[in-house]
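Good morning, and thank you for coming. Please look at the sequence and the model on the screen while I take you through a few selected sites.

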Amino acid sequence: MDWLRTISSYWPHLVVGFGSLSALLASIHVLLRKRDSRAAALWIGLIWLLPVLGPMLYLVFGVNRIRRRALSLGIHKIISQAIPEDLGETQAVEAQHLQQLARAIGHVVAQPLTPGNRIQALVNGDEAFPAMIAAIESATKSIALATYIFDNDTSGKQFADALGRAVKRGVAVRVLLDAAGARYSLPSITHRLNHAHIPFAKFLPASVLMPWRVTTINLRNHRKLLIVDGQTAFTGGMNIRHGNVLADQPKRAVQDLQFRVEGPVVTRLQEAFVNDWAFTTGETLTDDTWFPELKECGKVVARVITDGPDGDFEKLRWSLLAALAEAQTSVQIVTPYFLPDTGLITALNLAALRGVRVDILLPARSNLPSVHWASRAMWWQVLERGCHLWLSPPPFDHSKLMIVDGHWVLLGSANWDVRSLRLNFELNVECYGQGFASEMAAVIQRKLRGAREVTLAEVNAWSLPVKLRDAIARLFSPYL
């Protein structure tokens, strides 16, 4: 029994020693790995204020294991063509001053521009869903579908049935769902996919039965992709849910944009899907079933920008900053959620101070009230420097679009918020060409005609309770 008494007498010292060592090691990791000094300071404070528990919390929630896991599997970015030395191929860009933008983004994303593409905007599910389902019905070789939300409703069932028919025809079908997005409807669409023998997988599933996956519970694959026979692609911000079909007057109507893409850039879109599929399942898709030879078919010069909390971290944010820095005449932004960080707010304001016309179009009524309140708390920061802010009437507008100087268009899945720019896996496409930019400008002008401009005087006149509510909501903006 003496040895028990000896151990018990040393036990407090062992706990203190273990706590101090774990806190020291965790603090070293924070100092070397955390990019944001504020986050680093908060984590170090938590680590030392909560002995043992603090380092454990950091180990679970503070360490980015996504890239580490991908590298250990050896499948991160396994599909990628050789990158030429001239990352921008800037000679294909019409506007000379935007050649600098093309070169900068080329170095950020390490992908070349691809000329010769045709891109068509599809407004709401009324235009997008019939076109997407028709493409699925015409497939002869392969279908790759990735989506955040795939509801088990009228539209979702139409997609599932079309995919099931493709499987019966012998088409190679792969469906990638975000694990969180798959739970938006009950029962989940996965039961229908299973019944139709459609191969599908969930991206980063988390469960109370799988505690080792708790570190990924706040991460989402927000990308939207449909690629048929490796030749025709659809991308943008539209989820698969019947609320997008406005002609049917759904209970929760949502405006949105989707884009049909044809040309060489489709290969890059397919690469993004194949890498996500390999990351999730370990299966590699590399033959001409998925990657046929593609020829130029249009005038749009385009490049895919993938972004996420892995090796693609903040590539989209850097691209946005570069675009705002190069803008000379106009910047038009349409986004459902506007919670930019300090750097983006500064870039928007500097553009306005340089004489650039900056228009930001947001929904007057959001589907997420707390996000809308947090956004309102930031409006004065852009209004006081000359940016113009507009509110579009219901139904809720989920569209994501940005135009610079009437030549550069950014479309895709990302919002102007911390979740999209730091936590989500997003996919956007930058496009160069006055013709396509003019078409997108016409879309924005139609939205602006029905919108109401917000003034700084109006924001300053809000009551104190309203301002406090919005300011409190803004404190949680990194987690919304």
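I begin with a term: a residue is called buried under 20% relative accessible area, exposed over 50%, and partly exposed in between, with a 1.4 Å probe and protein chains only. This is a predicted model, in which local features need pLDDT of at least 70 and side-chain atom pairs count only at pLDDT 80 or more, while totals for chains, interfaces and linings use all residues. Residues are numbered from 1 along each chain as its sequence is written, and side-chain values use heavy atoms, with hydrogens and water left out.

Let me take the chain as a whole. Its secondary structure comprises 17 helices and 17 strands, which are DSSP runs numbered from the N terminus (helices: H or I, at least four residues; strands: E, at least two). Of the 480 residues, 54% count as buried. A contact means heavy atoms within 4.5 Å. Among contacts with a separation of 6 or more, 79% are between residues 24 or more positions apart.

The next site is R303, in strand 9, residues 300–307. R303 counts as buried because its relative accessible area is 1%.

D397 is placed in strand 13, residues 396–397, and is buried, with a relative accessible area of 3%. Its side chain is joined to that of K447 by a polar contact of 2.8 Å. Such a contact is a pair of N or O atoms within 3.5 Å; within protein, one must be able to donate a hydrogen and the other to accept it, and residues adjacent in sequence count only if both atoms are side-chain atoms. Leaving aside residues up to four places away in sequence, D397 touches Q255, D256, V334, P336, P363, S392 and K447.

I turn now to a loop. S188 lies between strand 3 (172–178) and helix 8 (190–195). Is S188 buried or exposed? At 12% relative accessibility, S188 counts as buried. Its side chain reaches the backbone oxygen of A182 at 3.3 Å. Beyond residues up to four places away in sequence, S188 touches N152 and A182. The C-alpha atoms of S188 and D153 are separated by 9.6 Å, although these residues are 35 apart along the chain.

Helix 12, residues 369–376, has V371, H372, A374, S375 and R376 as its buried residues. The cover over them includes strand 11 (357–363), helix 13 (379–383) and helix 17 (464–475).

Finally, the cysteines. How many disulfides does a search of the whole structure find? The search finds zero, a disulfide being a pair of cysteine sulfur atoms within 2.5 Å. C387 is buried, with a relative accessible area of 5%, and C431 also counts as buried, at 0%.
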